[in-house]
Amino acid sequence: APAALALDKSEVKEGWHTSFDLYLSAQEAYDMKAANPEDALLIDVRTRAEIQFVGFADIADANIPIQIFSDEWKLKQDGVHGSYRKLHNFDFVQAVDNLIASKNKDKRVAIIVMCASGSRSPLAADELYAADYRRVYFQVEGFEGIKAKQGPDQGKRVVNGWKNRGLAWSYRLPDEKMYFNFAPSGQP
């Protein structure tokens with residue numbers, strides 16, 4: 001993507017900076033992928049449960065989760081609410097390697113990573129950096145966007161994001177784009 005289309009590092013939370021320093025809004029990620037579908041791969045790094053119940057970007061090339069849900073419950077600081085703990089997917093880089101091989105590409109291909117809100121994509125980008133990938137863009141708004149800090153939608157993911165910008169998505173999950181096609185272990 002031309003530098004003029006990419007977000008400046010100063011517009012990205014410091015904790016979300018990546019080794020590549022390549023940042024895109026949801027619209028910029030869509031435009032980059034749609035303009036030259038074969039020149040960039042869009043990888044959704046959310047869990048399989050998230051894409052199943054929240055939806056999947058139509059032009060994404062694959063779902064390869066950077067983390068997977070465990071059965072372990074993690075209580076939040078309020079002592080009332082919690083969530084299932086997410087564990088690192090140690091097969092992530094190998095699965096991306098498998099994806100790029102299936103597309104007859106190499107580690108120089110542009111890759112765009114997207115998660116729910118932007119918090120996991122930097123982990124994915126930095127893992128790919130460590131594995132000698134050359135151009136990994138971080139779609140900073142995520143698929144769902146970030147939570148509103150105030151107002152009637154406080155706490156809901158209604159700020160920015162793929163879905164909130166009205167970009168193409170569906171609940172229908174294309175078989176050929178699902179993780180089991182790229183997972184080294186062949187797990188469904």
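This is a predicted model: local features need pLDDT of at least 70, side-chain atom pairs count only at pLDDT 80 or more; totals for chains, interfaces and linings use all residues.
Q: How much space lies in the largest pocket?
A: About 800 Å³ of space lies in it.

Q: Which elements give two or more residues to its lining?
A: Those elements are β5 (67-75), β6 (82-88) and β9 (146-147). β6 gives the most to the lining, with four residues.

Q: And how many residues line the largest pocket, and which lie nearest its centre?
A: The lining has 27 residues, and K86, S117, S119, K147 and R157 lie nearest the centre.

Q: How do the lining residues divide into nonpolar, polar and charged?
A: The lining of the largest pocket has 13 charged residues, 10 nonpolar and four polar.

Q: New topic. In the largest nonpolar core, which residues touch the most other members?
A: They are I64, F92, V96, I111, L128 and Y133, out of 26 residues in that core.

Q: Which elements give two or more residues to this core?
A: β2 (40-44), α3 (92-102), β7 (110-114) and α4 (121-130) do. Of these, α3 gives the most to the core, with six residues.

Q: What does F92 touch, not counting residues up to four places away in sequence?
A: F92 touches V45, I64, P65, I66, A124, E127 and L128.

Q: What other core lies apart from the largest one?
A: Another core, of 19 residues, lies apart from it, and V54, A57, A60 and M114 are among its members.

Q: Back to α3, then. Which of its residues are buried?
A: The buried residues of α3 are F92, V93, A95, V96, L99 and I100. Seen down the axis of α3, they fall within an arc of 160°, so they line one face of the helix.

Q: Why do residues three or four places apart point the same way in an α-helix?
A: An α-helix has 3.6 residues a turn, so residues at that spacing point the same way.

Q: What covers the buried residues of α3?
A: The cover includes β2, β4 (62-63), β7 and α4.

Q: And α1, which residues are buried there?
A: In α1 the buried residues are A26, E28, A29, M32 and K33. They lie on the same side of α1, because they cover an arc of only 165° around the axis.

Q: What covers the buried residues of α1?
A: Their cover includes β1 (23-24), β2, β7 and β8 (135-139).

Q: Loops next. Where is E38 found?
A: E38 is in the loop between α1 (26-35) and β2.

Q: Is E38 buried or exposed?
A: E38 counts as exposed, because its relative accessibility is 54% and the cut-off for exposed is over 50%.

Q: How far apart are E38 and K105 in sequence and in space?
A: They are 67 residues apart in sequence, and 9.4 Å apart in space, C-alpha to C-alpha.

Q: What is the phi of N104?
A: The phi of N104 is near 55°, a positive value in a residue other than glycine. Most residues other than glycine have a negative phi.

Q: Where is the place of N104?
A: N104 sits in the loop between α3 and β7, just after α3. At 72% relative accessibility, N104 counts as exposed.

Q: What about D132, what is its phi?
A: D132 has a positive phi of about 70°, although it is not a glycine. The place of D132 is in the loop between α4 and β8. With 48% relative accessibility, D132 counts as partly exposed.

Key:
Residues are numbered from 1 along each chain as its sequence is written. Side-chain values use heavy atoms; hydrogens and water are left out. On a 1 Å grid over the protein atoms alone, a cavity is a set of points where a 1.4 Å probe fits but cannot get out, and a pocket is an open set with protein on both sides within 12 Å along at least five of seven lines; lining residues have an atom within 4 Å of a point. Grid points are joined across faces, edges and corners, and a volume is the space filled by probe spheres set on the points. Ala, Val, Leu, Ile, Met, Phe, Trp, Tyr, Cys and Pro count as nonpolar, Asp, Glu, Lys and Arg as charged, and the others, Gly among them, as polar. A nonpolar core is a set of buried Ala, Val, Leu, Ile, Met, Phe, Trp, Tyr and Cys residues joined through side-chain atoms within 4.5 Å. Buried means under 20% relative accessible area, exposed over 50%, partly exposed in between (1.4 Å probe, protein chains only). Contact means heavy atoms within 4.5 Å. The arc is that of the directions from the helix axis to the C-beta atoms.
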